[in-house]
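Morning, everyone. I have one model to walk through today. Please bring it up on your screens.

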Amino acid sequence: MPEQSERTVEVDLSAPLLQIATSVEEHAEDEAERDATAALAFRHTAQAATVAAMTNQLLTRVEGLAVGVERIPACRRGASGVGALATWQRLKAQGPAPDPLGNWSYMRSLAHAALGMVTSLRDHRAAEQPQVFVGRPGLPPLTPPAP
């Protein structure tokens, strides 16, 4: 019986993996935005347990978003990314204030930091996408030459 030779086929998976990673990142950003928006809608009279649960959720979200924003080169972060990271560092270092509205204010600050980080990540992703523009009505779009 003749021996079969092994064949290896190399396939470039960079495009599908990038698409999957982008989809996961967008989902995390959407969830963080949803939680931050919900936190900002809380009244200052919300139950302490509810504020604590939302604060815990936001801490988890912001921790993950901060990793993504920190990976953006500092010169490309934009004001929202720089400000959100500074706010996050301050919130980590100080924690909630010891006054009656301290936990509620801390939760709201986390929500604002999350929204700033989401904005920064989305702006960066949009800037990295190749821009398609049409300069000739009725004809196919032209793309700028690759650098």
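First, a term. A polar contact here is a pair of N or O atoms within 3.5 Å; within protein, one must be able to donate a hydrogen and the other to accept it, and residues adjacent in sequence count only if both atoms are side-chain atoms. Keep that in mind for Asp35, whose side chain makes a polar contact with the side chain of Arg34 at 3.3 Å. One more point before we go on: this is a predicted model.

Now the overall layout. The chain has four helices and zero strands. In sequence order the pattern reads α-α-α-α. Of the 147 residues in the chain, 24% are buried. Now take the contacts in the chain with a separation of 6 or more: residues 24 or more positions apart account for 68% of them.

Back to Asp35. This residue sits in helix α1, which covers residues 14-41. Is Asp35 buried or exposed? Its relative accessible area is 5%, and the cut-off for buried is under 20%, so Asp35 is buried. The side chain of Asp35 makes a polar contact with the side chain of Arg61, at 2.7 Å. Leave aside the neighbours within four places in sequence, and Asp35 is in contact with Met54, Gln57, Leu58 and Arg61.

Next, helix pairs. Two packed helices are described by the angle between their axes and the distance between the axes. Start with α1 and α4. Helix α4 spans residues 102-128, and its axis comes within 9 Å of the α1 axis, crossing at roughly 150°. Over 145 degrees counts as roughly antiparallel, so that is how α1 and α4 run relative to each other. The crossing of α1 past α4 is left-handed. By class, this contact has 10 nonpolar, three polar and eight charged residues. Which residues meet there? On the α1 side they include Glu25, Glu29, Ala32, Ala36 and Leu40. On the α4 side, Arg108, Ala111, His112, Leu115 and Arg122 are among them.

Let me pick out Leu85. It belongs to helix α3. Its relative accessibility is 9%, so Leu85 counts as buried. Not counting residues up to four places away in sequence, Leu85 touches Ala66, Val69, Glu70, Arg77 and Met117. How many residues separate Leu85 and Gly116 in sequence? The count is 31, and C-alpha to C-alpha they are 8.6 Å apart in space.

Last stop, Ser120. This one is in helix α4. With a relative accessible area of 2%, Ser120 is buried. What does Ser120 touch, residues up to four places away in sequence not counted? The partners are Val69, Ile72, Arg77, Ser80 and Gly81.

How values were computed:
Residues are numbered from 1 along each chain as its sequence is written. This is a predicted model: local features need pLDDT of at least 70, side-chain atom pairs count only at pLDDT 80 or more; totals for chains, interfaces and linings use all residues. Side-chain values use heavy atoms; hydrogens and water are left out. Helices (H or I, at least four residues) and strands (E, at least two) are DSSP runs, numbered from the N terminus. Buried means under 20% relative accessible area, exposed over 50%, partly exposed in between (1.4 Å probe, protein chains only). Contact means heavy atoms within 4.5 Å. Axes are lines fitted to C-alpha atoms, for helices over the stretch in contact, and angles run from 0 to 180 degrees between N-to-C directions. Angles under 35 degrees count as roughly parallel, over 145 as roughly antiparallel, 65 to 115 as roughly perpendicular and the rest as oblique. A crossing is left-handed if the near helix is turned anticlockwise from the far one by less than a right angle, and right-handed if clockwise. Ala, Val, Leu, Ile, Met, Phe, Trp, Tyr, Cys and Pro count as nonpolar, Asp, Glu, Lys and Arg as charged, and the others, Gly among them, as polar.
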